[in-house]
Amino acid sequence: MADIQVQTESTPRPDLTAINVLNYQVLGRWREVFERYNRQANGVDGLLEYSQAWDLCLDVLNPVDMRTEARVSYVAKDPEEFHHAMELIVKARRLNVLLENFFEAMRKSFYHVEDEIKHYMAEYATEGKPKTILTLIKRILTCSTVPTAYNVNFQTLLFAALPVEFSRAFQALCIDYLPPIGIDVVHGGTLPTKDPWEMFECLGLLERYEASVTTGAYEHIERHVLETCSRKWEEPMYEQLEKWFFAYMRPWVLSVYGNGRFDDGPWMAYVLKSTSPRFEFHMRKTLCQLRIKELFDIIVDYPDSKGALEDLKTSITAIDQRAELVTTLRKSNRRRLLHPGADTKIILAQYVQTIKCLRMIDPPGVLLFKVADPIRRYLRERPDTIRSIVANLVGDEDSGDSLVDEQEPVQALQPPDVEDYTNAAWVPEPVDAGPQFRANKPSDIISTLVSIYDSKDLFVKELQTLLAQRLMLIGEDYDKRRNIEILKIRFGEAALQVCEVMLKDMTDSKRINTHLQAKKPSILNPTIISKHFWPTVEPIGLDMPGQYRGLLEQYNTEFVAFKPDKKLKWVPHLGTVHIELELEDRTLDLTVTPMEAAVIELFSQKSTLTLAELLSGVGSGNNLDKQSTIRAVTMWIDQGVLKEDGEGVFRLLEVAEEPSGTSSETVAVTVAEEDGMTPAQQQEAEQMKMYWQYIQGALTNLGALPLDRIQGFLRFAPNYDKSVEELGAFMESARRQGMVSSHDGLWKLASS
């Protein structure tokens with residue numbers, strides 16, 4: 001018989017054990033809190049003492065309006081009682097709750113601080129005194145006397161209440177502790193007073209407004225640099241600025257960034273190392289930018305501005321302002337130098353000054369290479385650049401300002417440097433050097449000027465023309481032999497062979513003239529030159545009348561007798577004539593041109609002449625003679641020797657008359673003057689006139705053209721062999737006559 005097992009389910013009952021445990025825990029927690037508050041005192045005495053301590057702490061910490069309420073300070077009256085009350089709170093573990101209650105009360109009462117802020121900010125806006133902000137900070141600081149936890153919450157409310165204007169006002173307060181702008185440097189500075197900086201640090205203002213304070217310090221440094229260094233170029237200024245920085249700025253930096261600590265320990269060294277260099281860097285950068293801005297004028301003032309160049313040299317690399325220097329100086333050159341109003345001599349002088357100054361700043365020459373490129377291209381387009389360089393090169397400038405330092409030794413033109421990689425002293429090119437830097441870096445100034453053009457042959461040709469002009473000028477004190485020797489050294493003897501022939505001609509001419517004068521004295525002292533080695537000088541059709549013709553014929557007869565195999569071809573328009581003009585009431589002693597002498601000679605035969613008679617008497621009557629004749633007549637009118645009676649009729653004044661208002665400006669014939677042109681230049685211009693129709697046609701059909709385009713069209717003209725420089729001289733002559741006009745390098749026909 002199988003066993004039968006019967007299972008029965010039990011009815012659930014309450015867990016009396018869990019309830020008892022919970023009740024026990026609650027009771028234990030209550031007893032623990034009671035014992036903590038009561039501190040094992042009899043009855044509830046301890047609890048009552050805790051309650052009194054709580055009320056005392058709340059009364060002490062509860063914020064009040066100090067402007068209207070007077071609080072009894074328990075801390076000052078009975079510090080032991082307050083400290084005992086705080087100990088009870090701490091032992092009861094209720095400090096956090098106490099602070100939470102206090103923070104809430106502080107938030108509700110913070111409008112008192114906001115009223116203070118509004119009051120003092122309004123006063124600062126009216127008076128602008130930084131000390132007003134200091135008073136406000138002191139008022140705020142009286143509220144900040146509780147531990148760090150309080151400061152964090154208080155500062156959170158404070159920074160939210162401070163207006164935007166407070167940042168600038170606090171910046172002004174901090175800067176107010178710096179020395180005035182431009183103050184003299186003393187030996188060593190003193191640390192500012194600790195009190196304000198400790199207050200600022202306590203309220204967290206320095207950390208909060210660090211960027212604003214730093215900006216204010218930067219502005220103060222900039223103002224000081226501009227005040228003490230602007231346009232003071234004689235001596236380097238950076239050393240003086242450095243003394244000022246260590247005397248005044250470093251103590252101020254320690255105050256701002258030292259977190260209120262003024263000891264001389266490792267902390268101060270760390271602050272100086274981490275913060276002082278950036279202010280010193282900004283001072284150096286400001287000085288560098290000032291010198292870059294002044295660089296054009298510094299170059300003009302060289303060598304008196306070497307001190308400023310020293311400042312720039314010590315700062316430019318450390319501050320990394322090389323690109324800024326190139327950009328600024330090129331812009332200044334373009335605005336103040338490279339324009340039609342600047343004379344070529346001035347541009348060349350500034351270019352030479354630029355070479356000297358930039359090589360002082362940057363000896364490798366990278367800056368010079370980048371700055372000089374626009375100057376060189378502009379000079380290459382000017383027609384008188386070669387003439388100006390050559391005239392200055394041989395010391396023939398009227399201004400007396402030489403492009404070459406006389407103390408520098410005369411040396412031959414040097415070719416561009418070539419890289420020598422086998423040289424142990426070789427160094428790579430600077431990182432900012434251009435691809436053509438090394439190929440275009442001659443080592444001396446004259447080589448740099450000559451390298452503006454691709455070939456020195458242009459300079460040699462101009463040298464020959466200039467020498468010819470100077471040798472043919474009578475009475476000029478011109479050191480010919482010395483200058484030729486200088487040119488030989490610079491350009492080589494082979495290039496100056498023609499010049500040697502010119503000098504030999506001058507020697508032979510003097511010897512021949514001495515021989516002829518000894519044989520038969522004459523007041524005529526001609527210069528006899530070779531035909532094939534001098535620039536072409538064609539006669540302009542001047543025939544010397546009267547006694548001058550007799551002198552020429554007499555001298556020619558004596559010369560042929562002395563040199564039967566040679567004959568003279570007179571060029572009478574060159575040279576000068578010294579005459580003594582005797583009139584009825586006066587005698588004039590003048591040195592005049594041959595044309596002027598020829599004109600007045602005609603009046604020795606007849607007292608009244610027409611313009612046609614004058615033209616017939618002095619030459620063939622072509623256009624150039626007409627212009628020269630009118631200029632000569634004008635000169636004698638200005639001297640009071642001739643007078644115009646009607647249009648084209650002139651009368652000799654044997655007796656001086658009172659000025660009647662008639663002057664050279666009222667002469668009936670209009671002359672297109674070519675002022676400033678030498679006879680050789682006038683001769684070249686005359687030869688160019690035959691090509692005027694080609695130039696006129698090109699400008700009529702195509703409008704304004706640059707000089708090189710006009711030169712290209714003239715290549716198709718028959719027998720045209722002129723250079724761009726000669727074409728430029730002719731166009732300048734045409735511009736002075738009002739035939740063409742020029743703007744930005746483009747030439748066009750003048751509007752009628």
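Reader: Where is Asp320?

Author: Asp320 sits in the loop between H16 and H17. Helices here are DSSP runs (H or I, at least four residues), as are strands (E, at least two), numbered from the N terminus. This is a predicted model: local features need pLDDT of at least 70, side-chain atom pairs count only at pLDDT 80 or more, and totals for chains, interfaces and linings use all residues. Residues are numbered from 1 along each chain as its sequence is written, and side-chain values use heavy atoms, with hydrogens and water left out.

Reader: Is Asp320 buried or exposed?

Author: Exposed, with a relative accessible area of 61%. Buried means under 20%, exposed over 50%, partly exposed in between (1.4 Å probe, protein chains only). Asp320 also has a positive phi of about 60°, although it is not a glycine.

Reader: What about Arg231's phi?

Author: Positive, about 60°, and Arg231 is not a glycine either. Arg231 lies in the loop between helix H12 (210-229) and helix H13 (238-257).

Reader: Back to H17. Which residues are buried there?

Author: Arg322, Leu325, Val326, Leu329, Ser332 and Asn333. Down the axis of H17, the buried residues fall within an arc of 140°, so they line one face of the helix. That arc is taken from the directions from the helix axis to the C-beta atoms.

Reader: And which exposed residues are on the face turned away?

Author: Ala323, Arg334 and Arg335.

Reader: New topic. Which peptide bond is cis?

Author: The one from Tyr302 to Pro303, with omega near 10°. Pro303 is in the loop between helix H15 (295-301) and helix H16 (306-319).
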